[in-house]
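Student: I am new to this structure and would like to understand the words used to describe it. Could we go through them with care, one term at a time?

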Amino acid sequence: MPRPKKHVFVCTQNRPQGHPRGSCVSSGCGAVMNEFMNQIQARQLFDDIALTNTGCLGPCGFGASVLVYPDGVMYGKLKVSDVQSIIEQHLLGGEPVKSLQVPTEVW
Ligand code: FES
């Protein structure tokens, strides 16, 4: 397996309804994960971009949360419609999408 240029971690943590921290599942992370998968497949980016679902990344109030390494960029409150710009501008273009990042006091 070639070493990927970027590794995308999508929080897919679930919690019971009414839990005080909420969860990325209740914020729609499943659809966000699917969109990353579909776009990576459609563009044949498997060698350059690794995609992993993960447990809680920390900023639960900002779900759906996505963390990109090696840059250490945390995105929050992501919707399906945000995935394309992250792929094109950040993962391929090397420029993080500032408008989608969580506030600096959060990460
Ligand atoms: S549940 Fe996703 S960041 Fe905590």
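Student: Why does Lys5 count as exposed?

Tutor: This is a predicted model, in which local features need pLDDT of at least 70 and side-chain atom pairs count only at pLDDT 80 or more, while totals for chains, interfaces and linings use all residues. Residues are numbered from 1 along each chain as its sequence is written, and side-chain values use heavy atoms, with hydrogens and water left out. Buried means under 20% relative accessible area, exposed over 50%, and partly exposed in between, with a 1.4 Å probe and protein chains only. Lys5 has 58% relative accessibility, so Lys5 counts as exposed.

Student: What makes the meeting of Lys5 and Asp48 a salt bridge?

Tutor: A salt bridge is a side-chain nitrogen of Lys or Arg within 4 Å of a carboxyl oxygen of Asp or Glu. For the side chains of Lys5 and Asp48 the N to O value is 3.6 Å, so the pair meets that definition. The two residues are 43 residues apart and link distant parts of the chain, with Lys5 in the segment before β1 (6-11) and Asp48 in the loop between α1 (29-42) and β2 (49-54). Helices (H or I, at least four residues) and strands (E, at least two) are DSSP runs, numbered from the N terminus. Asp48 has 29% relative accessibility and therefore counts as partly exposed.

Student: Why is Lys6 called buried?

Tutor: Lys6, which lies in strand β1, has a relative accessible area of 12%, and because this falls under the limit for buried, Lys6 takes that name. Lys6 also forms a salt bridge with Asp71, the closest N and O atoms being 2.8 Å apart. That pair links distant parts of the chain, since Asp71 is in the loop between β3 (66-69) and β4, 65 residues apart from Lys6.

Student: Which residues does Lys6 touch, apart from those up to four places away in sequence?

Tutor: Contact means heavy atoms within 4.5 Å, and among the residues that Lys6 touches are Asp48, Ile49, Val68, Asp71 and His90.

Student: How many salt bridges does a search of the whole structure find?

Tutor: The search finds 3, and one of them joins Glu88 and Arg43, with the closest N and O atoms 2.8 Å apart. Glu88 is in helix α2 and Arg43 in the loop between α1 and β2, 45 residues apart. Glu88, at 39% relative accessibility, counts as partly exposed, and Arg43, at 30%, counts as partly exposed.

Student: How do you know that Asp82 has no salt bridge?

Tutor: Lys and Arg count as positive and Asp and Glu as negative, while His and the chain ends are not counted. The nearest side chain of opposite charge to the buried Asp82 is Lys79, 6.9 Å away, and because a salt bridge has to be within 4 Å, Asp82 has none. The backbone nitrogen of Lys79, however, lies 2.8 Å from a polar atom of the side chain of Asp82. Asp82 lies in the loop between β4 (73-75) and α2 (83-92), and, leaving aside neighbours within four places in sequence, Asp82 is in contact with Lys77 and Leu100.

Student: What makes Lys77 partly exposed?

Tutor: Lys77 has a relative accessible area of 48%, which lies between the limits for buried and exposed, so Lys77 is partly exposed. Lys77 lies in the loop between β4 and α2, and the C-alpha atoms of Lys77 and Phe62, 15 residues apart along the chain, are separated by 4.9 Å.

Conventions. Polar contact = N/O pair within 3.5 Å; in protein donor to acceptor, adjacent residues only side chain to side chain.
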